[in-house]
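Let's walk through a few packing questions on this one. Have a look at the structure first.

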Amino acid sequence: MKVRLSTDLLTGALFIALGGFAMAYGSRYALGTAARMGAGYFPMLISAGLTLSGVVLVVRSFFSASDEIAAIGWRPLVFVLAGVLAFGLLIDRLGLLAAGIVLVVAARLADREFSLVETALLAIGLTVCTAAVFLNGLGLPIKFLRF
Amino acid sequence: MDVLANLGLGFSVALAPMNLLYGFLGVLLGTMIGVLPGLGPVATISILLPFTFSLQPQAALIMLAGIYYGAQYGGSTTAILVNLPGESSSVVTAMDGHQMARQGKAGLALATAALASFMAGTFATLVIALAAPSLAEVALQFGPADYFSLMVFGLVGAVILAHGSVVKAIGMILVGMLLGVIGIDVNTSVPRFTFGIPQFGDGIDFAVIAMGIFGIGETILNLERTGTARAYVQAVKNLWPAPHELRAMVPPACRGTLLGSALGVLPGGGPVLASFSAYALEKRISREPERFGKGAIEGVAGPEAANNGAAQTSFIPLLTLGLPANAVMALMIGALMMHGLHPGPQLMRDKPELFWGLVASMWTGNLMLVVLNLPLVGMWAKLLTLPYRFLYPAILLICAIGVYSINNSALDVLVATVFGFVGYLLYRLNCEPAPLLLGFILGPLIEENLRRALVISQGDPSVFVRRPISCTFLVLTAVLLVVLAAPMIRSNRERVFREGGS
């Protein structure tokens, strides 16, 4: 029997994995009693609920058809996430100018139409403009340059 | 008259020059971002949140509310001109509004949307002023058990009105609640699910989650969609409607106002439900239903009035009960908490100038929207012709700086990256992310009230049915669940959404 990768099946599997993990990890917190709840009581309740809704979804996916998962566009996904990630890694080390430029360039790489000159101008222009708004306009304590 | 005195106090706050300025800025920025295709109010508010962090609570709240109306109106502008509705409440506007634009009546459609929204905004402001005090009075008598049941009721309501699968929506709420657990438990001082990272002790900021899912995640999704729609920009002229056109738009706007204001108060209600229902209503009572979908002015006036009315009255449960009815209100409650304010019945009693200032600013905000948009609509239309390849890097940059600026924490940016991925994944799995945000906001409150109620009753769970208020909410919740299970009503609900979506 061929298992269709329906959205219900995948969502259900995700809920079970997350709920199961939370129950296992959360078992280190004291449960307590209903009158004196420990730190683990409520998380256990909701992660059990989450696991249960995951089971319902998985079971249902075998009986009724749901949409199959659409193709994933890897290019935007990878480049956008990489850009934001790089921003987070660079902001404290090199300052806003460098982090911003890297983010914009990575973001533009997510698009198939890519022009080097345009991207360079956009990266510098956008970073300087947003820096003017956030740092000078709103007075946020972020370093523009850092070496 | 109490109401007049209260509104007087409110207007003295709302009309203070600085507050007017922040309201204006909010409406302007909200429209500017909201007009961009693919960005609805939730995404717009998430992206613009950091602009309000450094303000006083009063000004921040007024600005946020302004951003909300602006985003809503911006979404309608896009729906009419490009047929690319930013979010689901504008889907309905696109059906007839875009047809009007194709027939060269874009100006009339935009004016109809603006005037109908203003009318509904004025009415809904009065509804809030009249209804909120008595509701807050009642809410002051709520005990922990009552609050617990109220919030369960609110969450179940949100599930029912979410599109798509109910089980998925319940799961999303639970995921949100689980995320809300992260941090040091207030009762036992045990750090929960922090994985040894000290910064997680205070929990994850809701703004990091919102910007990750709605700012970054939606941008990735928008990038996948290829093909650009043509904007009917050149057709924008003749904004002011002729007398016979005004006559045609007033009755549907009135009906939409009443329907929307009523539906906005419901948990899980709000603009989306209101605009779909208003469209269905107009189509049903029309003598020529075949005109709908081909540029009927009623199909713009009714839903636009309804969604603005609902946008406004959904503040009622938030401000009087502390219960966010939808994702936008969850963002509002989160923003209030960042300023150290806890929405609920005490807010009106302890900070009347804040409460009434916000109410009055709703009206001034709506007025600004009309004044701003009728002359500026040409500029918004130009913004629509900007290529997306210039816009999305700017959106990502604003999100990244915004996330970093909350705590000056690079770790927050990394967490937001993760939520960007999560957001993208959820869209791909056809899971609405809005219930996650509601669960995240309400989770800690539900836990707190559950604990307190059971401490008071010494562990006896019957307290939830013995207290009349709590019992009422639980009965209502049960009724909602039965309604949900009834196949007839379920297919009806799907039909309403499908009619709108097609």
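## Helices, contacts and one cysteine

Keep in mind that this is a predicted model. In α1(A), the buried residues are A:T7, A:D8, A:L9, A:L10, A:T11, A:G12, A:F15, A:G19, A:A22 and A:G26.

Q: How far apart are the end C-alpha atoms of helix α1 (residues 7-26) of chain A?
A: The helix has 20 residues, and at 1.5 Å a residue it should span 28 Å. The model agrees with that, as the end C-alpha atoms are separated by 28 Å.

Q: How are α4(A) and α5(A) oriented to each other?
A: The axes of α4 (residues 96-109) and α5 (residues 116-137) of chain A come within 9 Å and cross at roughly 135°. The crossing is right-handed. An angle over 145 degrees would count as roughly antiparallel, and 65 to 115 as roughly perpendicular, so α4(A) and α5(A) are oblique.

Q: How many nonpolar residues are in the contact of α7(B) with α11(B)?
A: The axes of α7 (residues 106-139) and α11 (residues 243-264) of chain B come within 9 Å and cross at roughly 40°, which makes the two helices oblique. On the α7(B) side the contact includes B:L108, B:M119 and B:F123, and these residues and their neighbours in the list meet α11(B) residues including B:M249 and B:G256. Sorted by class, the contact has five polar residues, one charged and 10 nonpolar.

Q: Which element gives the largest share of the side of chain B that touches chain A?
A: The contact between the chains takes 58 residues from chain A and 54 from chain B. On the chain B side, the elements giving two or more residues are α9, α10 (206-224), α18 (388-407), α19 (410-428) and α20 (434-456). The largest share, 12 residues, comes from α18(B).

Q: Is B:C471 buried, partly exposed or exposed?
A: B:C471 sits in helix α22 (residues 468-485) of chain B. A residue needs 20 or more neighbours to be buried and 12 or fewer to be exposed. B:C471 has 16 C-beta neighbours inside 10 Å, so it counts as partly exposed.

Conventions
Residues are numbered from 1 along each chain as its sequence is written. Chains are lettered from A and ligands numbered from 1 in the order in which they are written. This is a predicted model: local features need pLDDT of at least 70, side-chain atom pairs count only at pLDDT 80 or more; totals for chains, interfaces and linings use all residues. Axes are lines fitted to C-alpha atoms, for helices over the stretch in contact, and angles run from 0 to 180 degrees between N-to-C directions. Helices (H or I, at least four residues) and strands (E, at least two) are DSSP runs, numbered from the N terminus. Angles under 35 degrees count as roughly parallel, over 145 as roughly antiparallel, 65 to 115 as roughly perpendicular and the rest as oblique. A crossing is left-handed if the near helix is turned anticlockwise from the far one by less than a right angle, and right-handed if clockwise. The expected span of a helix is 1.5 Å times one less than its number of residues. Two residues are in contact if their C-beta atoms, placed from the backbone, lie within 7 Å. Ala, Val, Leu, Ile, Met, Phe, Trp, Tyr, Cys and Pro count as nonpolar, Asp, Glu, Lys and Arg as charged, and the others, Gly among them, as polar.
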